[in-house]
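Here is a short note for a colleague who is opening this model now. Please read the points in order, with the structure on screen.

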Amino acid sequence: MKFLRSIVRTRPPGAQVQLPRSSLRTFSAVRMHAQSQRTSSASSPQPERPVNFYSTHGRAFFKAITLAFLTYQIAYWAWLTVETEYLKDQKNREVKSLEQEVRLLDEGRKAHRPGTS
């Protein structure tokens, strides 16, 4: 304000005030740009096309699908590993019980054999 007062006091009567360009702010370009965007979108609304959807949300969609697939594969691998270990353990127990049964039957057969001491 002091700058403007000094210019107004020193100017001769009838002369126009010349302000330096750096001290002026112009907001008209920004306002016109914002208004032109609003009017162009309001005057010609384009229907939303699937291409627009994928161009905006394509990466997020791809990321979600990839993470879901990866999660499924990890869960499936973990389940398969646990089930394989369970089946191995079950088969090992069955083999041990059958070996013990064979040992008992073999000992019983040897004990009932006549003429062996």
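1. Start with exposure. Buried means under 20% relative accessible area, exposed means over 50%, and partly exposed lies in between (1.4 Å probe, protein chains only). Aspartate 89 has a relative accessible area of 38%, so it is partly exposed.

2. A word on the source. This is a predicted model: local features need pLDDT of at least 70, side-chain atom pairs count only at pLDDT 80 or more, and totals for chains, interfaces and linings use all residues. Residues are numbered from 1 along each chain as its sequence is written, and side-chain values use heavy atoms, with hydrogens and water left out.

3. The overall fold is quickly told. The protein has three helices and zero strands. Along the sequence the pattern reads α-α-α. Helices (H or I, at least four residues) and strands (E, at least two) are DSSP runs, numbered from the N terminus.

4. Now the surface. Of the 117 residues, 1% count as buried. The accessible surface comes to about 11700 Å², and 61% of that belongs to carbon and sulfur atoms. These areas come from the Shrake-Rupley method with a 1.4 Å probe; for residues, only the protein chains shown count as cover.

5. UniProt, in an unreviewed entry, places a "transmembrane region" at residues 60-79. UniProt positions follow the numbering used here, feature names are shortened, and annotations may be inferred rather than shown by experiment. In the model, the span of residues 60-79 is 100% helix and 0% strand, and its end C-alpha atoms lie 28 Å apart.

6. Look next at Phe53, Tyr54, Phe61 and Ile65. They make a nonpolar surface patch of about 420 Å². Patch residues have over 30% relative accessible area and no salt bridge; nonpolar side chains (Val, Leu, Ile, Met, Phe, Trp, Tyr) are joined within 5 Å, like charges within 9 Å. Isoleucine 65 sits in helix α3 (residues 50-111). At a relative accessible area of 47%, isoleucine 65 is partly exposed.

7. How many salt bridges does a search of the whole structure find? It finds three. Each is a side-chain nitrogen of Lys or Arg within 4 Å of a carboxyl oxygen of Asp or Glu. Aspartate 89 pairs with arginine 93, with the closest N and O atoms 3.0 Å apart. Both lie in helix α3, four residues apart, about one turn of the helix.

8. Asp106, Arg109 and Lys110 are linked in a network of salt bridges. Aspartate 106 meets arginine 109 at 2.7 Å, N to O. For aspartate 106 and lysine 110, the closest N and O atoms are 3.8 Å apart. Lysine 110 is partly exposed, at 48% relative accessibility.
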